[in-house]
Amino acid sequence: MMIIDFECDTPTKEAVEDTVRLIKSGRGFDKEGYAQHMAPGWAAQIGMSLEEFNAAKERDGLTSLALKLCEVDMTRAMSHEQVIGMLDTAQVRYACIGNAGRRASNEDVAKFAAEYPDRLIPWFRIWGDEGEEGVAALERGVREWGCKGFEISSYREERYINDPAYWPFLAKCVELDIPVRITVGLHLLSDRPYDYAHPKYLDEVAVRFPELKIVAGLTGWPWVDEACAIASRHKNVYIDFACKRVKHLLAPGAGYEALIYYGARNLQDKIIFATGWGTQMVPLHQLVAETDELPLKQAVREKWMGGNAARVLGLDR
């Protein structure tokens with residue numbers, strides 16, 4: 001069975017450097033909402049108790065703690081060889097990089113992928129407010145650097161999924177024949193509307209760009225049933241389940257019933273495996289092993305784990 005991780009964290013030195021750049025530009029995750037959710041893990045990584053972490057946040061500010069976390073991350077940064085070794089251990093054939101929560105710059109992602117073109121699939125991300133210059137940069141990233149997909153996290157830009165600022169970028173994706181992955185579902189940033197990434201807005205994108213291959217990243221929770229409905233309406237809309245452990249997908253009342261039920265039936269060609277293992281702070285090989293618990297026929301599981309992603313990425317050509 002071929003396994004493709006559609007969102008694979010690569011916590012290299014370059015990724016930490018870009019995280020620092022994002023934080024200093026005001027575009028990092030050092031904001032309330034994610035801070036409350038991630039605080040226990042962040043505190044442990046820094047070597048603080050949760051009480052010490054919260055006290056330091058009140059005293060020094062969250063940005064200061066985020067930069068301290070980056071200092072720790074830099075001491076633990078993985079080499080390029082270690083990333084490939086991690087894929088080997090997990091038996092992951094291909095990994096999409098540059099579209100995870102922590103990532104390197106577009107150029108560094110492309111350079112890393114060029115070292116291992118038979119294992120790594122680089123994605124490109126740029127802010128919608130870059131306009132025509134951003135569209136030109138996307139084209140360079142694909143034609144000159146070898147990027148294979150475009151990533152949008154609209155809520156981070158305080159935009160809705162269907163914001164017209166994205167139309168030129170999506171048109172360029174159609175022209176370049178690359179997929180777009182759009183974060184869909186509830187975000188935790190408490191300083192902006194909660195529904196920026198509601199899957200209902202994805203429908204307009206799919207209607208406007210019917211030939212565009214669209215991956216709804218992170219399942220669309222808590223509107224999973226609506227994400228599934230939209231995927232059933234449009235031939236080129238897919239759903240990945242990054243940052244979700246299988247035991248949580250299967251937990252009664254967790255809200256993923258539609259994904260499991262329809263994903264085994266009429267949407268079996270639409271569901272894509274992705275880990276976001278760094279966000280979950282669970283080793284990649286463990287997340288792969290946990291997929292053994294998915295209540296799927298083997299033929300369907302093979303589609304989820306790699307077959308569907310291969311089709312989206314054009315690896316089956």
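Tutor: Let us begin with one stretch of this predicted model, residues 86-315, whose end C-alpha atoms lie 22 Å apart and which is 41% helix and 12% strand.

Student: Which annotation does UniProt give for residues 86-315?

Tutor: The record to consult is an unreviewed UniProt entry, so the name is to be taken as coming from that entry. For residues 86-315 the annotation there reads "domain: Amidohydrolase-related".

Student: Into which domains is the chain divided, and how far apart are the centres of domain 1 and domain 2?

Tutor: Domain 2 covers residues 15-75, while domain 1 is made of two pieces, 4-10 and 78-313. The contact between them takes 18 residues from domain 1 and 19 residues from domain 2. Taken over C-alpha atoms, the separation of the centres of domain 1 and domain 2 is 25 Å.

Student: How much area do domain 1 and domain 2 bury between them?

Tutor: Carbon and sulfur atoms account for 55% of the area that domain 1 and domain 2 bury between them. The total buried between the two domains is about 1,600 Å².

Student: How many salt bridges are counted between domain 1 and domain 2?

Tutor: Side chains of opposite charge can pair when their charged atoms come close. On the side of domain 1 that touches domain 2, the residues are six nonpolar, six polar and six charged. The rule also finds four residue pairs in polar contact across this interface, with both residues at pLDDT 80 or more. For salt bridges, the count between domain 1 and domain 2 is two.

Student: Why does the salt bridge of Asp-73 and Arg-102 tie together separate parts, and how many residues apart in sequence are they?

Tutor: In this salt bridge the closest N and O atoms of Asp-73 and Arg-102 are 2.3 Å apart. Asp-73 lies in helix α4 (residues 62-75), whereas Arg-102 lies in the loop between β2 (94-97) and α6 (106-115), so the pair ties together parts whose separation in sequence is 29 residues.

Student: Where is Asp-177 found?

Tutor: Asp-177 has a positive phi of about 60 degrees, although this residue is not a glycine. Its place in the chain is the loop between α8 (167-176) and β5 (180-183).

Terms used:
Residues are numbered from 1 along each chain as its sequence is written. This is a predicted model: local features need pLDDT of at least 70, side-chain atom pairs count only at pLDDT 80 or more; totals for chains, interfaces and linings use all residues. Side-chain values use heavy atoms; hydrogens and water are left out. Domain bounds come from an automatic or database domain assignment. Contact means heavy atoms within 4.5 Å. Buried area is the accessible area (1.4 Å probe) that two parts lose on being put together, summed over both. A salt bridge is a side-chain nitrogen of Lys or Arg within 4 Å of a carboxyl oxygen of Asp or Glu. A polar contact is a pair of N or O atoms within 3.5 Å; within protein, one must be able to donate a hydrogen and the other to accept it, and residues adjacent in sequence count only if both atoms are side-chain atoms. Ala, Val, Leu, Ile, Met, Phe, Trp, Tyr, Cys and Pro count as nonpolar, Asp, Glu, Lys and Arg as charged, and the others, Gly among them, as polar. Helices (H or I, at least four residues) and strands (E, at least two) are DSSP runs, numbered from the N terminus.
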